[in-house]
Amino acid sequence: MYALGKTLTYGVLGAIVGLIGHGIMSVAPGQQALALLVGALLLVMGLATAGVLPDRWAMPSRLTAWMGAVLTRVRGAGRIRGPFLLGLVNGFLPCGLVYAALLASAQQGSPVPAAVGMLAFGVATLPALGLVAVGTDLLTPGRRRWVTRAGGWLVVVFALVTLWRGLSPPMMH
């Protein structure tokens with residue numbers, strides 16, 4: 001139920017960015033501006049996750065507090081409804097890979113293909129999330145911190161590629 005809720009949120013977000021992308025994709029400067037904005041956000045989040053910037057740069061503290069309160073409330077909503085609601089809410093948590101997938105979905109320029117792409121992304125993340133859930137219990141806190149920071153550097157790489165796309169002429173994409 002958790003995975004269904006999270007994947008459903010990704011699908012809705014995909015439809016929204018598909019609508020936005022429809023307008024943006026009609027002009028090359030819009031594509032570049034979107035890539036620069038997303039690239040800059042990814043860069044800040046990646047550097048914060050990697051430990052280069054303070055943690056508060058990864059997610060503003062007010063948003064963190066609000067999301068924590070919402071997650072606490074939905075966690076106790078019942079055996080089936082609770083995990084589903086938790087997944088719905090968790091789909092909104094900031095994540096560099098989700099942002100990259102949303103950017104790709106926005107470039108579809110239509111809500112239906114963008115939503116389908118994000119639904120596929122949600123399903124494709126399930127095996128990795130399962131491994132992470134099992135694997136983190138096996139890691140020491142030091143190793144977990146190392147894995148988190150390595151993930152931050154991966155987001156930095158995605159950010160640099162996205163920024164390069166925003167800075168390069170449209171025909172280079």
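**An aromatic pair and a nonpolar pocket**

Tyr 10 is buried, at a relative accessible area of 7% (buried means under 20%, exposed over 50%, partly exposed in between, with a 1.4 Å probe and protein chains only). The model is predicted, so local features need pLDDT of at least 70 and side-chain atom pairs pLDDT 80 or more, while totals for chains, interfaces and linings use all residues. Residues are numbered from 1 along each chain as its sequence is written, and side-chain values use heavy atoms, with hydrogens and water left out.

The structure holds one aromatic pair (ring centres of Phe, Tyr or the six-membered ring of Trp within 6.5 Å; planes under 30 degrees apart are stacked, over 60 edge-to-face, the rest tilted). Tyr 10 and Phe 121 form this tilted pair, with 5.6 Å centre to centre and 50° between the planes. Because Tyr 10 lies in helix H1 and Phe 121 in helix H6 (residues 111-124), the pair ties together parts 111 residues apart in sequence.

On the scale of the whole protein, there are eight helices and zero strands (DSSP runs numbered from the N terminus: H or I of at least four residues for helices, E of at least two for strands). Of the 173 residues, 32% are buried. Among contacts (heavy atoms within 4.5 Å) between residues at least 6 apart in sequence, 77% join residues at least 24 apart.

The lining of the second largest pocket divides into 18 nonpolar residues, two polar and no charged (Ala, Val, Leu, Ile, Met, Phe, Trp, Tyr, Cys and Pro count as nonpolar, Asp, Glu, Lys and Arg as charged, and the others, Gly among them, as polar; a pocket is an open set of points on a 1 Å grid over the protein atoms alone, where a 1.4 Å probe fits, with protein on both sides within 12 Å along at least five of seven lines, and lining residues have an atom within 4 Å of a point).
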